[in-house]
Amino acid sequence: MERLLKMRATLPAGEFVRQVETLALGGDASAAEMAGEGSQFGGIGWPIDAQKACDWFERAAAMRGDSAHNLALCHETGRGRPQDAARARLLYTQAISLGWIQAKCALGTMLVSGSGGRTSARA
């Protein structure tokens, strides 16, 4: 992935996207996160596609806290996944366990509001 990022400026946008997605499909969690971000926000050759973004985040969520957090957002907001607050809370907890500090705020907000159930999650 590092080599590909260094080459980004020399590749046509579509080729860059193709290579990132190939790496992601091969199990590269960093590439899956990048493909998710690209699909979520568009740019560098990615069309915006919320469902596809969440699919990419799901590929990397077990290994990357930012991907788990982004997948939680998919479930919390209902963009790209069915809205499921309980699943979002679990994913925020997973993101925290993977070191993604920003998920503490998101989970805390859900806990304070009672979104996703009454049981508490450990952060």
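A residue counts as buried when its relative accessible area is under 20%. By that cut-off, 37% of the 123 residues in this chain are buried. Keep in mind as you look around that this is a predicted model.

**The chain as a whole**
- The chain contains seven helices and zero strands.
- Taken along the principal axes, the box filled by the C-alpha atoms is roughly 50 × 25 × 20 Å.
- Of the contacts between residues at least 6 apart in sequence, 45% join residues at least 24 apart.

**How H3 and H4 are arranged**
- Two packed helices are described by the angle and the distance between their axes.
- For helix H3 (residues 29-41) and helix H4 (residues 50-60), the axes come within 8 Å and cross at roughly 165 degrees.
- Angles over 145 degrees count as roughly antiparallel, and H3 and H4 are therefore roughly antiparallel to each other.
- The crossing of H3 and H4 is left-handed.

**Where H3 and H4 touch**
- On the H3 side, the contact residues are Ala-29, Ala-32, Glu-33, Ala-35, Gly-36, Glu-37, Ser-39 and Gln-40.
- On the H4 side, they meet Ala-50, Lys-52, Ala-53, Trp-56, Phe-57, Arg-59 and Ala-60.
- Sorted by type, the residues of this contact are eight nonpolar, three polar and four charged.

Key. Residues numbered from 1 in each chain as written. Predicted model: local features only at pLDDT ≥ 70, side-chain atom pairs only at ≥ 80, totals over all residues. Heavy atoms only, no water. Axes fitted to C-alpha atoms, helices over the stretch in contact; angles between N-to-C directions. Helix = DSSP H or I, 4+ residues; strand = E, 2+ residues; numbered from the N terminus. Parallel < 35°, antiparallel > 145°, perpendicular 65-115°, else oblique. Left-handed = near helix turned anticlockwise from the far one by under 90°. Contact = heavy atoms within 4.5 Å. Nonpolar A, V, L, I, M, F, W, Y, C, P; charged D, E, K, R; others polar. Buried < 20%, exposed > 50% of the residue type's maximum accessible area, 1.4 Å probe, protein only.
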